[in-house]
Amino acid sequence: MSSQTLLLGAAFPSPALALAPSRSRSRRLRIRAQVEPSDKSVEIMRKFSEQYARKSGTYFCMDKGVTAVVIKGLAEHKDSIGAPLCPCRHYDDKAAEVGQGFWNCPCVPMRERKECHCMLFLTPENDFAGKEQAITLEEIKEATSKL
């Protein structure tokens, strides 16, 4: 999920400091506020995912919850940083990653080798591949409503 980060200048002991009390350091507390993606972005990413699955000959995961979470994550990134950056990876600098384009969906490994780290686009021989290349907005909302 995307988040907005508020940094507070507060001192908190790290585990290393508990072992060495003579040293002190301060760390910043990060408070993250969860931001839901807009329905428009979810719908855009849903349509993109269906179209790309058909175009690439891939299928959604047999567990539609996986598909729903990934599409919602793509929509969150679309809203927060302006691009569908892969939601299944950690980035130190999301803006820089967007600029490089490597992890913008479909990512380079998917385009070059049909390898989707998120399990959004699965080849037919993948054990987790379902038989569908479609998901409804209602299925996405239902699957992600309790997260």
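Visitor: Where is the place of Tyr59?

Guide: A word on the basis comes before the answer: this is a predicted model, in which local features need pLDDT of at least 70, side-chain atom pairs count only at pLDDT 80 or more, and totals for chains, interfaces and linings use all residues. Residues are numbered from 1 along each chain as its sequence is written, and side-chain values use heavy atoms, with hydrogens and water left out. Helices (H or I, at least four residues) and strands (E, at least two) are DSSP runs, numbered from the N terminus. In these terms, Tyr59 lies in the loop between H2 and H3.

Visitor: Is Tyr59 buried or exposed, or in between?

Guide: Buried means under 20% relative accessible area, exposed means over 50%, and partly exposed lies in between, using a 1.4 Å probe and protein chains only. Tyr59 has a relative accessible area of 25%, so the residue counts as partly exposed.

Visitor: Which residues does Tyr59 touch, and how far is its C-alpha atom from that of Lys131?

Guide: Contact means heavy atoms within 4.5 Å, and residues up to four places away in sequence are not counted here. Tyr59 touches Leu120, Phe121, Leu122, Pro124, Gly130, Lys131, Glu132 and Gln133. Although Tyr59 and Lys131 are 72 residues apart along the chain, their C-alpha atoms are separated by 6.2 Å.

Visitor: Which residues touch the most other members of the largest nonpolar core?

Guide: A nonpolar core is a set of buried Ala, Val, Leu, Ile, Met, Phe, Trp, Tyr and Cys residues joined through side-chain atoms within 4.5 Å. The largest such core has 26 residues, and those that touch the most other members are Leu120 and Phe121.

Visitor: Which helix gives the most to this core?

Guide: Helix H2 (39–56), helix H3 (64–81) and helix H6 (137–144) each supply at least two of its residues. With five residues, the helix that gives the most is H3.

Visitor: At what angle do the axes of H3 and H6 cross?

Guide: Two packed helices are described by the angle between their axes and the distance between the axes. Axes are lines fitted to C-alpha atoms, for helices over the stretch in contact, with angles from 0 to 180 degrees between N-to-C directions. H3 and H6 count as roughly perpendicular to each other, a term for angles of 65 to 115 degrees. Their axes come within 9 Å and cross at roughly 95°.

Visitor: Where is Thr123 found, and what is its relative accessible area?

Guide: Thr123 sits in the loop between helix H5 (108–113) and H6. Leaving aside neighbours within four places in sequence, Thr123 is in contact with Thr58, Lys114 and Ala129. Thr123 is buried, with a relative accessible area of 15%.

Visitor: In what order do the elements of the protein chain run?

Guide: The secondary structure of the chain comes to six helices and two strands. From the N terminus on, these elements run β-α-β-α-α-α-α-α.

Visitor: Which element has the lowest mean pLDDT?

Guide: The pLDDT is the predictor's confidence in each residue, from 0 to 100, and the chain has a mean of 83, with 77% of its residues at 70 or more. Over residues 1–26 the pLDDT is below 50. Among the elements, H2 has the highest mean pLDDT (98), and the lowest (32) belongs to helix H1 (residues 15–19).

Methods
Angles under 35 degrees count as roughly parallel, over 145 as roughly antiparallel, 65 to 115 as roughly perpendicular and the rest as oblique.
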